Amino acid sequence: MPKISNKGINMPQSPIRKLVPYAEEANKKGKVVYYLNIGQPDIKTPTIALDAVKVHSLDILAYSRSEGSEDYRKKIANYYKRNNIEISHEDLIVTTGGSEALLFAFGSTMDENDEIIIPEPFYANYNGFSTVSGIRVVPVISKIEDNFALPPIEEFEKLITPKTKAILICNPGNPTGYLYSKEEIRKLASIVKKHDLFLIADEVYREFVYDGIEHYSILQEPGLENHAIVVDSVSKRYSMCGARIGYLVSKNKEVIQTALKFAQARLSPPTLAQIASEAALDTPQSYFDDVIEEYVKRRNVLISELEKIEGVKVAKPNGAFYCIAELPVKNADHFAKWLLESFDYENNTVMVAPAAGFYSTPGVGENQIRIAYVLNADSLRIAVKVIAEALKVYKD
Ligand SMILES: Cc1ncc(COP(=O)(O)O)c(C=O)c1O
């Protein structure tokens, strides 16, 4: 039989999706499964976006320009202006989700065996995209005890080698919900300038910040024009995960010109989804106010209920809609499978993402899970009750 590539063999499974067959089995047995594993919000997509694809006047569903339609990019530039980020439509490329923006960012800045420093735990697919791109992830550990704050600068500097090309942050963070302060962005800016590195920021959760704290983008940091690359997406902002639209943004012309070659190779981002996403830019502020209020409510319920469970440690998220919880178990992977296969509380069970897959350091995070608070507060209360009851009887 012909042989599979080493790259294919080394490609990690998604910790977010790998337990799906167990959840399906639990469903077949008649259990109600509360899905806390995946960042698929239950929030309604703005009708303005859905209506735009219903009433479009296209005769041919054609390719668009590789960088995305000009009208749409001009409106995106306006969106950034409204968010105090001065960029032109020529500083961005529309991509097939933030996922493709990450691939283009990696492809445009790194060669095989180059290194990228990422504070971990991090969005698990960074591992997958690094494998695809042949680059090496060098993790710098942020700790639950510190609420996942940025590790000290010296920790980054210790890790920089001649192969280091970039630092990648997720702000606010998936899976930690951590929101970097302006001071932390400044620290990162000083490191990347000193060592002439790229600073890639995944800001797909930019709108989801709580407690009156403001998001500070790396694109707002003066002097970072040649270093800063932002990965963005409509998936979570407008609950449009299925649109598959994102953007790569940089004021560094070489980065954009290079990424455009990758974009040309895949021809075009999806045309209908650009129509929906362009319309979504007119979503009224009241939509976001309501959504944020809802997420704050969910976060507060989730954290306070988790904190009531003996032996559970949880970091309070200030953004996005995830949190990491440390459990009094040895192996959260086993616990998560067991929840689906062998446990129910009043016929309810829960699907969570074991957190080890969000780390690249072997052995770290094995007693942690990631919870996405994408269900309403009542469902979250039931789900946490299931976890609490399960921990009473679970044996490692
Ligand atoms: C941190 C982060 N970045 C990027 C993505 C990719 O999103 P998409 O490709 O749907 O835009 C996700 C999706 O969950 C994410 O959580």
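This report describes the ligand site, an annotated domain and some backbone features of a predicted model.

The structure is a predicted model, in which local features need pLDDT of at least 70 and side-chain atom pairs count only at pLDDT 80 or more, while totals for chains, interfaces and linings use all residues. Residues are numbered from 1 along each chain as its sequence is written, and side-chain values use heavy atoms, with hydrogens and water left out.

**Ligand site**

The ligand has 13 residues around it, of which Gly98, Ser99, Asp202, Tyr205 and Ser233 come nearest; a residue counts as near when one of its heavy atoms lies within 4 Å of the molecule. By class, this shell holds four nonpolar, six polar and three charged residues, where Ala, Val, Leu, Ile, Met, Phe, Trp, Tyr, Cys and Pro count as nonpolar, Asp, Glu, Lys and Arg as charged, and the others, Gly among them, as polar. Helix α5 (residues 97-109) supplies the largest share of the shell, with three residues; helices (H or I, at least four residues) and strands (E, at least two) are DSSP runs numbered from the N terminus.

| Side chain | Distance to a ligand oxygen atom |
|---|---|
| Ser99 | 2.5 Å |
| Ser233 | 2.6 Å |
| Arg244 | 2.7 Å |

Taken alone, the ligand exposes 400 Å², and the protein buries 93% of that, with accessible areas taken from the Shrake-Rupley method with a 1.4 Å probe.

**Annotated domain**

An unreviewed UniProt entry places the feature "domain: Aminotransferase class I/classII large" at residues 36-387, an annotation that may be inferred rather than shown by experiment. In the model, this span is 38% helix and 16% strand, and its end C-alpha atoms lie 11 Å apart.

**Backbone features**

Most residues other than glycine have a negative phi, and most peptide bonds are trans. The peptide bond from Glu120 to Pro121 is cis, with omega near 10°, and Pro121 lies in the loop between β3 (115-120) and α6 (125-133). Another cis peptide bond joins Asn174 and Pro175, with omega about 20°; Pro175 is found in the loop between β5 (164-170) and α8 (182-195). Asp196, although it is not a glycine, has a positive phi of about 50°, and its place is in the loop between α8 and β6 (198-202).

Terms used:
Polar contact = N/O pair within 3.5 Å; in protein donor to acceptor, adjacent residues only side chain to side chain.
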